[in-house]
Amino acid sequence: MVGKRLLISGKVQGVSFRFHAHEKASELGLTGWVQNLKDGRVELILVGAPEAVDKVIKWAHKGPPAAEVSGVEVHDMKDPLPKEPFFIKR
């Protein structure tokens, strides 16, 4: 199990980024959450198998069709890692 915190910038709010991230992470069996930040970025917390986490990180560099991702910061997370099913924070 690995935990990663992503901070995604660009045109990533108002383009269904959270919805698509939720779908992707859920289908890969990850835990964590996705939320819009006040500064216009999206935060994505991913916990699970390294291969699955890497797939979502790769996807986050592109995002959904309407997004224009300009940057993705990836930070390692340490315990305690979220264990609840993946969800959208509002």
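**Notebook: a first look at the fold**

I started with the secondary structure: the protein chain has 2 helices and 5 strands. I'm working from a predicted model here. Reading from the N terminus, I wrote the elements down as β-α-β-β-α-β-β. I then looked up the radius of gyration, which is 12 Å and close to the 12 Å that the globule rule gives for 90 residues, so the chain is as compact as a globular protein of that length. The C-alpha trace spans about 30 × 25 × 20 Å along its principal axes.

I zoomed in on one pair. Strand 2 (residues 31-36) and strand 3 (residues 42-48) run antiparallel, and 6 bridges join them. Which residue in strand 3 is the bridge partner of Gly32? I found Leu46 there.

Of the 90 residues in the protein chain, 41% count as buried. Among contacts with a separation of 6 or more, 76% come from residues 24 or more positions apart.

Last entry, surface and charge. I noted an accessible surface of about 5,200 Å² for the protein chain, with 52% of it belonging to carbon and sulfur atoms. The chain carries 14 positive and 11 negative charges, and I see their mean positions 3 Å apart.

Definitions and conventions. Residues are numbered from 1 along each chain as its sequence is written. This is a predicted model: local features need pLDDT of at least 70, side-chain atom pairs count only at pLDDT 80 or more; totals for chains, interfaces and linings use all residues. Side-chain values use heavy atoms; hydrogens and water are left out. Two strands pair if DSSP finds at least two bridges between them. Helices (H or I, at least four residues) and strands (E, at least two) are DSSP runs, numbered from the N terminus. The radius of gyration is taken over C-alpha atoms; the globule rule is 2.2 Å times the number of residues to the power 0.38. Buried means under 20% relative accessible area, exposed over 50%, partly exposed in between (1.4 Å probe, protein chains only). Contact means heavy atoms within 4.5 Å. Accessible areas come from the Shrake-Rupley method with a 1.4 Å probe; for residues, only the protein chains shown count as cover. Lys and Arg count as positive and Asp and Glu as negative; His and the chain ends are not counted. The place of a charge is taken as NZ of Lys, CZ of Arg, CG of Asp or CD of Glu.
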